[in-house]
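Q: I have a model open here and would like to talk through some of its local features. Could you start with the terms we will need?

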Amino acid sequence: MKHILVCLLVCVSLSLSGQSKDSDEEQFKINSEEYLEMRGVNVMLAHDFYPESHQGGVGIIQNGIRVATNGDLRLEPTPGQWQPVPKVGKRIIDLDNQVISVKMQYPDTAKKTGFNPIVYPDLDFKYTLKVVPFGKSFKIIVDLDKPLPEVWVGKVGMNIELFPGDLFGKSYYMDDSFGIFNRQANGPGYYDAQEQYQIKPMATGNELVIVPENKHQTLRIRNLQSNNLELLDGRAKHNNGWFVVRSLVPEGATKNAIEWLITPSVVEHFTYQPVVQVSQVGYHATQEKIAVIETDKNDLDLDDIKLYKINNTGGLTEILSATPEHWGTFLRYNYYHFDFTEISDPGMYQIKYKNFTSNPFQINNAIFKRDVWQPTLEYFLPVQMCHMRINDRYKVWHGLCHMDDALMAPINTNHFDGYLQGPSTLTKYKSGEHVPGINIGGWHDAGDYDLRIESQASTIQGLSHIYELFDVNYDNTSIDQDSRVVEIHKPDGKPDILQQIEHGALSIVGGYKSMNRFYRGIIVPTKRQYVLLGDPVNHSDNRILSKNTTDLSYLSTSTAADSIANGLLGAPDDRWVFTENNPRRAMNTAAALAASTRALKTYNSMLSQECLFIAEQVWETSQNIEDALKINLAIELLQTTKTEKYKTFLITQINVIVSQINNYGWKIGPVLPLIKNDSFVAKIRSAVKTYLVEIEKLEKETPYGVPYKPNIWGAGWGIQNFGVQQYFLHTSYPDVFPNTYMLNAMNFILGVHPGVNTSSFASGVGSKSLTQAYGVTRGENSFVPGGIGSGTALIRPDFPELLEWPYLWQQTEYVLGGGTTDYMFLVIASDHILNK
């Protein structure tokens, strides 16, 4: 009997021991990254700082997907981009009591003077936002320092936003009421006491259950106070809105003014499924081929990875099987490498690891000859062209737009998109007067339809380098500057790349000739115009405003603003042109014109001469400008003119160039044969060798073979530019720099990047790519072929994310310049290097 009792006690002890282990894993604890963690669920507080783009406050990652964000007190039921946000204090970690808290304050005075100035209401209050583990649930608690002012009762509430893309067509319960999450925002709406349009709640009650039919997504939110929760559709006010759960701060409340209990459903022993990251286009037969395997930190069951060739008669043939090589940890994942460089037989391939099968990809020496960089030239750049009508077979991408460009911007103006006009127009034109010569050329930037000088300049400079180095004569588009009509998929016998360089140069040169300086930017004056989703022909009436507009008070009334946005005939709807004193931008723009001079020399000789005249004029008037700012212009002018004074100037700048070799080493390399100065060249070569050591150290910090520091904004454009730099470093100093980093950068853009979404950042390129992007088609949840998204962003501190959602500009925004020409250059240069 005694033996039986001892045995029972031992069994009970073992059972309790095992139960304790499970319970530790299955309840929330604060981890070393300062967020709540339970296997399968993470709750962040104030790690991110970008609520305007759905990253901030309390955020929830459930079963490997970010499902909620921006948990915080807000002044509107469904805030948009320019609404007030609180100032975020330091995050406090109380390990003894398992509480994460942060002190918050309205207003955020830094925002009042920042990039997008916000006019705050008469409000001043402080509060503490907390997340507290509660077994398999957690609480969101808000303590106010003092009760809300009476005038703000009924306006301030606790919000949390739910990601719409994974909810459409799925169900919810609010107490005993129920419904589905609709694809589009539906009414009814109403006007509140401030005559602001609001949407009526989808549901109101005490407890909301989200997607009860799927344990991977079920999320319960219960209000522990007496006031109700509301479920709202934020898209009814803002196209880029999310679903919002909200409850108001009660009158007189301070401690526990808000208290929610949130219970996420968790898959038992959740383990992030392995992802194999490969180029969605594929690989040249001779290049290094390394697939990256991303696995859960709890996944210790390593398996063999297999490469299959897709047979032309159907089916798969195993070509290679190996155990992946462990690379290490990065962010929240474990990483392995699978090197299949030895495989060079042309064909289509797939990789399989456990339950993951990659999309088909090529191995082919001609892999970059079609369908990779070409969509950017034959779709994206034409679609972005301003002052033209863009036809594409039966489709019209946009009509002839902005022919009324532009009115001189009002002085002492801080535009909501960051343009500043100081106390002078810096030109002969007065504010409100029409500036001629700038209703031609240029490209709309991203989805904003504005023309930024740096975007125009970097685009023509990048295209000029591509044409000069690689003799790209691709022609699949008709561009007629006289009729202002573009026809995609209709060759006209002229190299498309030269026609695009011409288009950008016409805008820059036209502005300079009119104002005797470069414009800073050209943009619509009102937010109602700025947020346009659709054809930019609707920005304005395309007629130059003829009446005296030096009195710009019309912008102060909502009625006038509505008229402007509607493009009514005779309305003062013309865009504004801004100027500035910015030597760095002026020098870089002049450098772009100097490069365009070479490309346009035999194509449009008159425009080529004008480009050179302006570039040299800018140089001649730059005596009082810091010498370091003139280096880029001197390099381009030396290549263009071979004039001794530019060579002499560069030699005098050797100390600056060497001290900033990471900025100048790749730029100075191509002109070293023109400088022909042994001492100068020796110092440059010594510096680039030191720089290589730095690059080698940085590239080892991630499994992707390129220097990469994830941030809240996708790093794709920076990595593309790094790849372009590596081409020049490799070709200028071939005994120092390998081509490896350039090719790794290209692979990163094409699919070898962190996160479950292995899409190519280049829309329409490869077997899987971004097909919902933040461009001019975002209102249709669509894309422009050849547009390059910003790429995988970081949900701080350690979650990489690339969502299928068109309104997250920090993940999928298209831009010109480095976002466009760097991509084209990188792919064309890789093809050139691998096939020479």
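A: Buried means under 20% relative accessible area, exposed means over 50%, and partly exposed lies in between, with a 1.4 Å probe and protein chains only. This is a predicted model, in which local features need pLDDT of at least 70 and side-chain atom pairs count only at pLDDT 80 or more, while totals for chains, interfaces and linings use all residues. Residues are numbered from 1 along each chain as its sequence is written, and side-chain values use heavy atoms, with hydrogens and water left out.

Q: Okay, is Val211 buried or exposed?

A: Val211 counts as buried because its relative accessibility is 1%. Val211 also has a positive phi of about 50° although it is not a glycine, and its place is the loop between β16 (207-210) and β17 (219-223); helices (H or I, at least four residues) and strands (E, at least two) are DSSP runs, numbered from the N terminus.

Q: And what is phi for Gln98?

A: The phi of Gln98 is near 55°, again a positive value in a residue other than glycine. Gln98 sits in the loop between β6 (87-94) and β7, and at 16% relative accessibility it counts as buried. As background, most residues other than glycine have a negative phi, and most peptide bonds are trans.

Q: Speaking of peptide bonds, which one is cis, with omega near -5°?

A: That is the bond from Tyr106 to Pro107, and Pro107 lies in the loop between β7 (99-106) and α2 (109-112). A cis peptide bond also joins Gly187 and Pro188, with omega about 5°, and Pro188 is placed in the loop between β12 (177-180) and β13 (189-191).

Q: Switching to helices, at what angle do α17 and α19 pack?

A: Helix α17 (residues 740-750) and helix α19 (residues 821-835) pack at about 130°, with their axes 10 Å apart, where axes are lines fitted to C-alpha atoms over the stretch in contact and angles run from 0 to 180 degrees between N-to-C directions. The two helices are therefore oblique to each other, given that angles under 35 degrees count as roughly parallel, over 145 as roughly antiparallel, 65 to 115 as roughly perpendicular and the rest as oblique.

Q: Which residues in α17 meet α19?

A: Met742, Leu743, Ala745, Met746, Ile749 and Leu750 in α17 meet residues of α19 including Tyr823, Leu826 and Ile833, contact meaning heavy atoms within 4.5 Å.
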